[in-house]
Amino acid sequence: MNTVFAFLGGLGGWEILLIMLVILIFFGAKRIPDLARGLGRGIREFKDATTEIKDNIEDGGTSHNTTSKTDSTQSSNTKDQ
């Protein structure tokens, strides 16, 4: 179990429970899933960006003419307006 929570240092079960309780009190039960969803999206975007950079390095730095997901989403949003 120590390897799972190695990033938390010397915190035990009660300390982690207390921290989670404080977070629940500050943000409320309705807000926590939104925060987790936003965190997940941020991690996914970071992972996609690092994969794209790694692929560019492996390809020898050649640039590909691809549009990112955010570019296509922004262009579709401007067409709707």
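1. The chain exposes about 7500 Å², with 61% supplied by carbon and sulfur atoms; accessible areas come from the Shrake-Rupley method with a 1.4 Å probe. Of its 81 residues, 1% count as buried, meaning under 20% relative accessible area, whereas exposed is over 50% and partly exposed lies in between.

2. This is a predicted model, in which local features need pLDDT of at least 70 and side-chain atom pairs count only at pLDDT 80 or more, while totals for chains, interfaces and linings use all residues. Residues are numbered from 1 along each chain as its sequence is written, and side-chain values use heavy atoms, leaving out hydrogens and water.

3. The chain holds 3 helices and 0 strands, where helices are DSSP runs (H or I) of at least four residues and strands (E) of at least two. Helix α1 spans residues 13–27, and Gly-28, which follows α1, has a positive phi near 85 degrees.

4. The structure has 1 salt bridge, a term for a side-chain nitrogen of Lys or Arg within 4 Å of a carboxyl oxygen of Asp or Glu. Arg-37 pairs with Asp-34, their closest N and O atoms being 2.8 Å apart. Both residues lie in helix α2, 3 residues apart, about one turn of the helix. Arg-37 is partly exposed at 42% relative accessibility, and Asp-34 is partly exposed at 39%.

5. Glu-52 belongs to helix α2 (residues 31–58) and is partly exposed, with a relative accessible area of 46%.

Notes: The expected span of a helix is 1.5 Å times one less than its number of residues. Buried means under 20% relative accessible area, exposed over 50%, partly exposed in between (1.4 Å probe, protein chains only).
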